Amino acid sequence: MHSVLPWLTVADVVTRLDELGVGALLVRDQDHVIQGIVSERDVVRALARHGAALLTMPITDVMTRKVHSCGPEESVARAMSQMTAGRYRHLPVIENGRLVGMVSIGDLVKHRVREMELETGVLRDVVIARS
C-alpha cells in the first residue's frame, strides 16, 4: 500500500503515481491516519479546472476526502458493488482500524473472472462425466 503526505504538491504526487505504476495513492498524515485518496482521475479533473497551476498546488486541494473502505472479510461481489455504486476504482482494506491493503476494481474483476473460469471448468467436467 502506497501513500503520500498531505503537504506534497500535485507534481510530487503525479511523479509518485508514475514511479509506482499505480492509479491511486492514499494521502496519510505523519501518524498514518488516512486524510484522503488521490487518483489519476482526480488529477485530470483538477487539471481541467486549474490548468498548469495545478502542479504547484497541495495534493489536499485535489484529493477525495471521503474515503470508502472495506474489511478483509468483504466478499468480492460486495466490494465490486460498492465500488460500482460509488464510481471509484480503489478501495482501502481496513482491519481493526489499521490499513492492511488496497484493492482496485481491476484486481476484483480478475479474481471474479478466475472464479468463473473455475466454475465453468467444473460444470464442463460434470457434463462430460455424465455423458
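Colleague: Let's start with Asn96: why does this residue count as exposed?

Modeller: In this predicted model, Asn96 has a relative accessibility of 79%. Exposed means over 50%, so at 79% Asn96 counts as exposed. Asn96 sits in the loop between S4 and strand S5 (98-104).

Colleague: Which residues are closest to the centre of the largest pocket?

Modeller: The pocket has a volume of about 430 Å³. Of the 20 residues lining the pocket, Ser39, Arg87, Tyr88, Arg89 and His90 are the closest to its centre. At least two lining residues come from each of strand S3 (34-39), helix H2 (40-50), strand S4 (90-95) and H4. H2 gives the largest share, with four residues.

Colleague: How does that lining divide by residue type?

Modeller: Six residues of the lining are nonpolar, seven are polar and seven are charged.

Colleague: Now the charge pairs. How do you know that Arg112 forms a salt bridge with Glu115?

Modeller: The closest N and O atoms of Arg112 and Glu115 are 2.9 Å apart. A salt bridge needs a side-chain nitrogen of Lys or Arg within 4 Å of a carboxyl oxygen of Asp or Glu, so the pair of Arg112 and Glu115 qualifies. Both residues lie in helix H4, three residues apart, about one turn of the helix.

Colleague: What makes Arg112, Glu115 and Glu119 a network?

Modeller: The side chains of Arg112 and Glu119 also meet in a salt bridge, at 3.8 Å from N to O, and the cut-off is 4 Å. Arg112 therefore pairs with Glu115 and with Glu119, which links these residues in a network of salt bridges.

Colleague: Why are these residues called partly exposed?

Modeller: Buried means under 20% and exposed over 50%, with partly exposed in between. Arg112 has 29%, Glu115 has 30% and Glu119 has 43%, so each is partly exposed.

Colleague: How many salt bridges does the structure hold, and what is the distance between Arg78 and Glu74?

Modeller: The structure holds three. One of them joins the side chains of Arg78 and Glu74, at 3.7 Å from N to O. Arg78 is partly exposed at 46% relative accessibility, as is Glu74 at 28%.

Colleague: Why can Val122 belong to a surface patch?

Modeller: Patch residues need over 30% relative accessible area. Val122 has 45%, so this residue passes that cut-off while still counting as partly exposed. Val122 lies in helix H4 (residues 105-130), and together with Leu118 and Val126 makes a nonpolar surface patch of about 260 Å².

Definitions and conventions
Residues are numbered from 1 along each chain as its sequence is written. This is a predicted model: local features need pLDDT of at least 70, side-chain atom pairs count only at pLDDT 80 or more; totals for chains, interfaces and linings use all residues. Side-chain values use heavy atoms; hydrogens and water are left out. Patches are made of residues with over 30% relative accessible area and no salt bridge: like charges are joined within 9 Å, nonpolar side chains (Val, Leu, Ile, Met, Phe, Trp, Tyr) within 5 Å. Accessible areas come from the Shrake-Rupley method with a 1.4 Å probe; for residues, only the protein chains shown count as cover. Buried means under 20% relative accessible area, exposed over 50%, partly exposed in between (1.4 Å probe, protein chains only). On a 1 Å grid over the protein atoms alone, a cavity is a set of points where a 1.4 Å probe fits but cannot get out, and a pocket is an open set with protein on both sides within 12 Å along at least five of seven lines; lining residues have an atom within 4 Å of a point. Grid points are joined across faces, edges and corners, and a volume is the space filled by probe spheres set on the points. Ala, Val, Leu, Ile, Met, Phe, Trp, Tyr, Cys and Pro count as nonpolar, Asp, Glu, Lys and Arg as charged, and the others, Gly among them, as polar.
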